[in-house]
Amino acid sequence: MAPRTVRNFIGGQAIEDGAVASFFDKIDPVSGSVSARVQEADRRLVDDAVRAARRAVEGAWGATPAGQRCTLLRRVADRIEERFEDFVAAEIADTGKPVTQARELDVARAVLNFRSFADTIASAGQTSFLTDLANGRQALNYAMRKPLGVVAVIVPWNLPLLLLTWKVAPALACGNAVVVKPSEETPSTATLLGEVLTEVGIPDGAYNVVHGFGAGSAGEFLVGHPGIDGVTFTGSTATGSAIMAASAPRVRPISFELGGKNAAIVFDDADIESTLDGLTRSVFANTGQVCLCTERIYVQRGVFEEIVEGLAARARALTLGNPYAEGTTTGPLISTAHRQKVLAYYALAEESGAKTIVGGGVPTLADDLNGGAWIEPTLWTGLTNADRPMREEIFGPVAGLVPFDTEEEAIGLANDTDYGLAASVWTTNLSRGHRVAQRMNVGMAWVNTWYLRDLRSPFGGVGLSGIGREGGTNSLDFYTEQTNVCVQL
Ligand code: NAD
């Protein structure tokens with residue numbers, strides 16, 4: 001099949017190929033073949049996108065009342081549902097993820113993101129204070145929320161549509177216009193979303209997409225553009241630092257959801273079967289390419305062997321293969337370049353004295369998958385927190401298991417990291433569950449579950465894992481500025 005073309009989307013329109021100076025290839029991670037040619041946005045196209053967004057904020061979109069914006073966002077959700085399989089196919093074409101996951105997690109959450117933030121805005125109030133004055137009179141203070149203006153949205157490749165809509169929905173709900181730079185690895189669903197927004201009547205320019213890479217390309221041009229009023233970014237910590245530096249001269253608001261090196265703590269009173277099910281998901285979901293995935297597992301000594309063997313058995317039972325084949329649980333990594341990075345950690349772990357319990361290399365699969373970015377799900381024992389594979393984010397289907405004796409020791413081991421995104425605690429003693437979860441130095445701590453999300457709750461990380469919280473009214477705090485009006489009565 002001839003590769004598709006994926007286009008920039010600016011001012012409500014896909015850009016003609018003739019208006020674009022360069023294209024890049026998108027490689028299908030399942031087979032290694034070219035699946036799409038993608039228009040790369042140069043400085044001029046990025047500038048066009050920012051100007052289109054500014055016109056929308058100052059024009060039709062800025063003039064759309066909040067209630068009407070909510071109605072439109074609910075229509076977006078409905079329209080994604082109507083075109084559900086188009087989004088599923090586009091997401092799979094870019095990532096190779098199993099069809100069940102694309103349906104049940106990625107695209108389903110995109111629908112939910114639009115509905116949830118429409119609800120949040122519809123029910124959001126303003127704060128007000130009556131101030132008593134010395135002369136017996138009063139003053140009324142009330143805070144007005146206003147959109148930031150033009151927001152740059154920069155997102156990664158692991159959950160492309162889910163993470164994109166997690167930012168676009170609240171940004172639009174608050175009345176901002178956005179310029180989105182999806183990952184070069186996953187351009188398709190962002191452009192498809194542009195079609196949907198236009199179909200339901202969101203004014204031109206409220207949503208724009210520029211494609212390309214980071215440094216020296218569309219990402220850098222966008223965050224360096226003087227017409228941007230804020231940057232919301234999900235991706236690696238190193239890129240977050242570069243974006244923070246680029247945002248510093250104009251002191252722009254930033255919201256960062258960055259990397260993690262997440263721990264699970266398993267106590268000896270845990271329900272073993274459900275813990276193993278939860279750990280399997282938390283280590284291997286999306287081939288380990290979720291920022292929340294567990295890469296460090298601390299297990300109380302009495303159940304250490306049982307957990308190691310049980311998790312290894314579940315890892316061996318994962319089925320790698322064609323995303324549409326029945327029974328496929330696990331897709332490839334996003335690219336062979338990323339596989340090189342993960343395989344380097346597999347080698348480093350063995351050099352550091354790890355025992356590889358399962359996996360450790362590249363699997364043998366059917367011939368038509370040979371060129372893909374396939375990798376074996378992997379578990380190690382024998383490492384300590386001093387070893388690099390236990391300190392650095394790998395972002396693959398892999399975890400190291402380490403025994404511990406006391407609760408205090410487990411808390412110390414889990415918190416011994418520069419990151420602070422998520423943690424999970426597995427125990428049937430709920431008092432202990434609360435106690436340990438509260439002491440986790442992270443943005444999100446789960447007890448007897450993992451990645452269970454209520455979209456109204458705060459989401460974000462501490463340390464190298466990010467700045468700020470999004471979710472529910474937390475998102476309003478980032479995507480709006482407040483003006484306090486004080487009236488002497
Ligand atoms: P990445 O940082 O390499 O790229 C993310 C995005 O930033 C891409 O669109 C990329 O083109 C762009 N970019 C790169 N350099 C840039 C620059 N100098 N200026 C502007 N834009 C630039 O991350 P990735 O490899 O795509 O994604 C994986 C990372 O994302 C992991 O570290 C993972 O933990 C993290 N992540 C975090 C969360 C979270 O919610 N905390 C969620 C998902 C992924």
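This is a predicted model: local features need pLDDT of at least 70, side-chain atom pairs count only at pLDDT 80 or more; totals for chains, interfaces and linings use all residues.

Q: Where does Glu407 lie?

A: Glu407 is in helix α12, which covers residues 407-415.

Q: And is Glu407 buried or exposed?

A: Glu407 has a relative accessibility of 17%, so it counts as buried, the cut-off being under 20%.

Q: Which residues does Glu407 touch, leaving out those up to four places away in sequence?

A: Phe267, Arg432, Arg435 and Val436. Two of those turn up together elsewhere: Arg432 lies over the face of Phe267, at 4.1 Å from the ring centre.

Q: Nice. What else lies over the face of a ring, say that of Phe23?

A: That would be Arg37, at 4.1 Å from the ring centre of Phe23.

Q: Switching to ring pairs: how many aromatic pairs are there in the whole structure?

A: The search turns up ten. One of them is Phe24 with Phe213: the ring centres are 4.6 Å apart and the planes make 50 degrees, so this pair is tilted. Phe24 sits in strand β4 (residues 22-27), while Phe213 is in the loop between β10 (207-209) and α7 (218-223), so the pair ties together parts 189 residues apart in sequence.

Q: Buried or exposed, those two?

A: Phe24 is buried at 7% relative accessible area. Phe213 counts as partly exposed, with 31% relative accessibility.

Q: What about Trp450 and Tyr451?

A: Their ring centres are 5.4 Å apart with the planes at 75 degrees, so that pair is edge-to-face. Trp450 is buried at 2% relative accessibility, and Tyr451 is buried too, with 15% relative accessible area.

Q: Which residues form an aromatic cluster?

A: Phe117, Trp166 and Phe459 form one.

Q: How many of the α6 residues are buried?

A: Ten of the 13, so the helix is mostly covered. Among them are Leu192, Leu193, Val196, Leu197 and Val200.

Q: Why would residues three or four places apart point the same way in an α-helix?

A: Because an α-helix has 3.6 residues a turn.

Q: And what follows α6?

A: Gly201, with a positive phi near 100 degrees.

Note on methods:
Residues are numbered from 1 along each chain as its sequence is written. Side-chain values use heavy atoms; hydrogens and water are left out. Rings of Phe, Tyr and Trp (its six-membered ring) pair if their centres lie within 6.5 Å; planes under 30 degrees apart count as stacked, over 60 as edge-to-face and the rest as tilted. Helices (H or I, at least four residues) and strands (E, at least two) are DSSP runs, numbered from the N terminus. Buried means under 20% relative accessible area, exposed over 50%, partly exposed in between (1.4 Å probe, protein chains only). A charge sits over a ring if NZ of Lys or CZ of Arg is within 6 Å of the ring centre and within 35 degrees of the ring normal. Contact means heavy atoms within 4.5 Å.
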